[in-house]
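Keep the 3D view open as you read.

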Amino acid sequence: MWPEIIRLSKEGGLDVIETYVFWNNHEPERGQYYFEGRFDLVKFVKTVQEAGLLVHLRIGPYACAEWNYGGFPMWLHFLPGIQFRTNNAIFKLMKEERLFASQGGPIILAQVENEYGNVESSYGQPGELYVQWAAKTAVSLNTTVPWVMCAQGDAPDPIINTCNGFYCDQFTPNSPSKPKMWTENYSGWFLSFGYPIPYRPVEDLAFSVARFFEYGGTFQNYYMYFGGTNFGRTAGGPLVATSYDYDAPIDEYGFIRQPKWGHLRDLHKAIKLCEEYLISSDPTLEKLGRKSSNSCAAFLANFDSISDARVTFKGNEYFLPAWSVSILPDCKNVVFNTAKVPE
């Protein structure tokens, strides 16, 4: 299914495929490694590269992802004196295959750990020391691509701390030298037995993306864009179902989910029309009615969740539905509004 899923992702306007690495599948028994079939990580990365897309590799070792044991091999549990959340050697495999960007490969980002900041305080000083150790270890591997830690406000330089959540437009990295990145924008949520099927309206999802780039965002990833299925006993967490559909733009069975897939595709096209301005300078936030440059791109936002608005910008009047962002690649013509979903 990989080539088809990747093709639909590219047609939907994605540039990068982000994937976890599940240690428990790659080392099911201590010292015995497995990279065959659907766990052929090298083949997956190369398939993404063949499609002309890039890769963000979330190496772990902890993945969470509602995955059994968070991605740790069960045999770790029985090692005397074991301390969880240590390093593994996935990066060596990627390096040997010359898959990092500096080697001509598609991998442009790597992630060490996963949302450790959510539990760090319970470990006290050892937790702080672990963050420092994980960062130092990652940098020492000399992958030559940037490393990130998601939901890790104390990520030490040069590790980039990133945001996970439903809205990250107000997120600020812990250093002005670090780009504003969003590693998990939830397209829905995971399914649990006894709970309603998760659903997130595409209008809200598109609004969150547009607001993020309006406020200087540089990288945004959907979690999930294709949800799929956690077969057998791989699903982990309290009452988590095997379905990992996540109300994603590509559904559990590999089919596009409309109108979510199409509306986001159009959003991506609109944002890319603004690329020249988005990459050349930081955004300027200003009240409407003030004089601004004629050479620009603009995001007009109405973050009132109830009332529509009419505004004047550069001498022209615009209608902004409640909770919406209009994108004007030339500061004049609206090419996309997040709340206007095609029938």
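This is a predicted model: local features need pLDDT of at least 70, side-chain atom pairs count only at pLDDT 80 or more; totals for chains, interfaces and linings use all residues.

**From surface to sheet**

As for charge, the chain carries 29 positive and 37 negative side chains. The centres of those two sets lie 4 Å apart.

Now for the inside. Of the chain's 343 residues, 52% count as buried, meaning under 20% relative accessible area. If you take the contacts with a separation of 6 or more, 60% of them come from residues 24 or more positions apart.

On to the overall build: you'll find 8 helices and 12 strands in the chain. The radius of gyration is 21 Å, close to the 20 Å that the globule rule gives for 343 residues, so the chain is as compact as a globular protein of that length.

Finally, zoom in on one sheet. Strands of a sheet pair through backbone hydrogen bonds, either parallel or antiparallel. Here 3 strands make an open sheet in the order E8-E11-E12, with antiparallel pairing. Strand E8 (298-302) and strand E12 (336-337) sit at the edges with a single partner strand each, so one side of each has no neighbour in the sheet. E12 pairs with strand E11 (residues 324-328) in the antiparallel sense over 2 bridges. To spot this in the viewer, look for isoleucine 327, which stands opposite phenylalanine 336 in E12.

Key. Residues are numbered from 1 along each chain as its sequence is written. Side-chain values use heavy atoms; hydrogens and water are left out. Two strands pair if DSSP finds at least two bridges between them. Helices (H or I, at least four residues) and strands (E, at least two) are DSSP runs, numbered from the N terminus. The radius of gyration is taken over C-alpha atoms; the globule rule is 2.2 Å times the number of residues to the power 0.38. Buried means under 20% relative accessible area, exposed over 50%, partly exposed in between (1.4 Å probe, protein chains only). Contact means heavy atoms within 4.5 Å. Lys and Arg count as positive and Asp and Glu as negative; His and the chain ends are not counted. The place of a charge is taken as NZ of Lys, CZ of Arg, CG of Asp or CD of Glu.
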